[in-house]
Amino acid sequence: MNNLEYIEDYFKGTPTPDEKKSFDERIQNDASFAEDVAFYLSGQQAAADMANDERRERFRQLNFNQRASQPAKVISMRRAVIYAAACLFLVAVVMSWLFFKPVSTEKLANQYIDSQLTTLSVSMGAHDNMQEALDQFNAGKLEESLKTFESIYKNDNTKDLAERYAGIAALRLQQYDKAISYFEDLSTKNLYSNPGKFYLALTLMKRNQAQDKERAHILLKEVVDQNLEGKDIAEQWLKKM
Amino acid sequence: MINLEPIKAIMHSTSITDTDIIEGLRRKDNRHVEYENALYLKFAYFIEEGRHKYSVNYEDAFSAYSDAVITVINNVVNANFQERSSLKTYLYQIFHNKCVDQVRKNTTKKNEMHHGFVLTDALNTMSDTSKTIIQQLIEKTDFDLLRKRLSQIGENCKQMLLLFADGFSDKEIAAMVGFKTAAVAKTSRLRCMEKLRHMYKQ
């Protein structure tokens, strides 16, 4: 007891040089005293370690309570921002892929043909034969209508509308070379509103043979640049091609 | 089960400041525990950050954080924290070092026992010869057995010895445990120390 008190007073106080010397000499000359010093320090360390162990256990309990009281997993703001940015980036990539991925030109052509070229409007005051051809076309009698349109055009090659419709009928019948021939001829004519280049591009897109896509692309650019009939559709297709 | 309400009350009172925590940790009464808990909770999000930043598991990140908080508490109480940086910066630096230690420990598969500041500080007051003698004796100490005996010594004795090791004076211990004077607390505490030695040597 006395030794422990003396040892504690030494460590907790501010010993003079003489006291330090005396303490050192006792450690070096008195094995029992040295053991007392060693035990005192070991006991202090063990008590400090145990106090810290109890703190750790208290913190573990705090941690458990805190996590249990949170309904959802809490992530730090920094990580949340990283996750959000990653999600946005992913969404942007997917969206841009969906919006900007090249669409098959043949698919674009099919969509247009199905929505715009299954029926032809009957012109006011149309010639009897023309009316007959349009009726045939709209009734799905495409071969008959093609013959009638061609007949009208052969008899009077100033009838550009008949040439246009003959090209459309040939396109619907997948007689692409014939359709191309009509539309190429039509595109060279000086008309107030000339859809020749547009239909020619459409036919090439539908045929989809080697170089057709490239030629269609050039024609569509010409349609846009020259403000020809079909410009709006041409602009949309160019963005998707 | 720890009641979080007093801690929440402390933390919600206009978000507790560094000064509040430092003064609270230096309180020499039972309320210092609330400020230890408040410090722990205030920066507990370091655990998740450390887990991801250092690629350690949750348990290792938690241990590193708990040890860092304990180091900060000890340094604040012992006036080793100079307040040149914020508590957050100071704690994070220590936490970072603890995480690096965890990574090294995991890498080298070592699990060494480190003795803390008590021995280091005390040994530094002695001459080299005395230090060597005492170090050799301490190395023979069975610390597991000593802690076991400490846990068996009785609640009052344990509390006094732990409080003293934590830096509380006998006067403060007397007030907390219920002794009339510091002298009585000191005599009782040293008797507890003798009892511990007796139990350890049995």
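1. In this predicted model, N227(A) adopts a positive phi of about 55°.

2. Which residues of α11(A) are buried? They are D212(A), A216(A), L219(A), L220(A), V223(A) and V224(A). Around the axis these residues cover an arc of only 140°, and they therefore lie on the same side of α11(A).

3. What covers the buried residues of α11(A)? The covering elements include two helices of chain A, namely α10 (196-207) and α12 (231-240).

4. E184(A) pairs with R215(A), and their closest N and O atoms are 3.4 Å apart. E184(A) belongs to helix α9 (residues 176-187) of chain A, while R215(A) belongs to helix α11 (residues 212-225) of chain A; the pair therefore ties together parts that are 31 residues apart in sequence.

5. Are the two partners of this pair buried, exposed or partly exposed? E184(A) has a relative accessible area of 34% and is therefore partly exposed. R215(A) has 35% relative accessibility, so R215(A) also counts as partly exposed. Both classifications follow because buried means under 20% and exposed means over 50%.

6. A further salt bridge in chain A joins D185(A) to K189(A), with the closest N and O atoms 3.5 Å apart. D185(A) is partly exposed, at a relative accessible area of 31%. K189(A) is likewise partly exposed, at 22%.

7. One salt bridge crosses between chains. D166(B) pairs with R55(A), and the closest N and O atoms are 2.8 Å apart. On the chain B side, D166(B) sits in the loop between α10 (155-165) and α11 (170-177); on the chain A side, R55(A) sits in helix α3 (residues 31-69). Both D166(B) and R55(A) are buried.

8. The pair of D166(B) and R55(A) should be read together with its neighbours in the network. Salt bridges with shared partners join R55(A), R58(A), E36(B) and D166(B) into one network. Over all chains, the count comes to 30 salt bridges.

Definitions and conventions:
Residues are numbered from 1 along each chain as its sequence is written. Chains are lettered from A and ligands numbered from 1 in the order in which they are written. This is a predicted model: local features need pLDDT of at least 70, side-chain atom pairs count only at pLDDT 80 or more; totals for chains, interfaces and linings use all residues. Side-chain values use heavy atoms; hydrogens and water are left out. A salt bridge is a side-chain nitrogen of Lys or Arg within 4 Å of a carboxyl oxygen of Asp or Glu. Helices (H or I, at least four residues) and strands (E, at least two) are DSSP runs, numbered from the N terminus. Buried means under 20% relative accessible area, exposed over 50%, partly exposed in between (1.4 Å probe, protein chains only). The arc is that of the directions from the helix axis to the C-beta atoms. Contact means heavy atoms within 4.5 Å.
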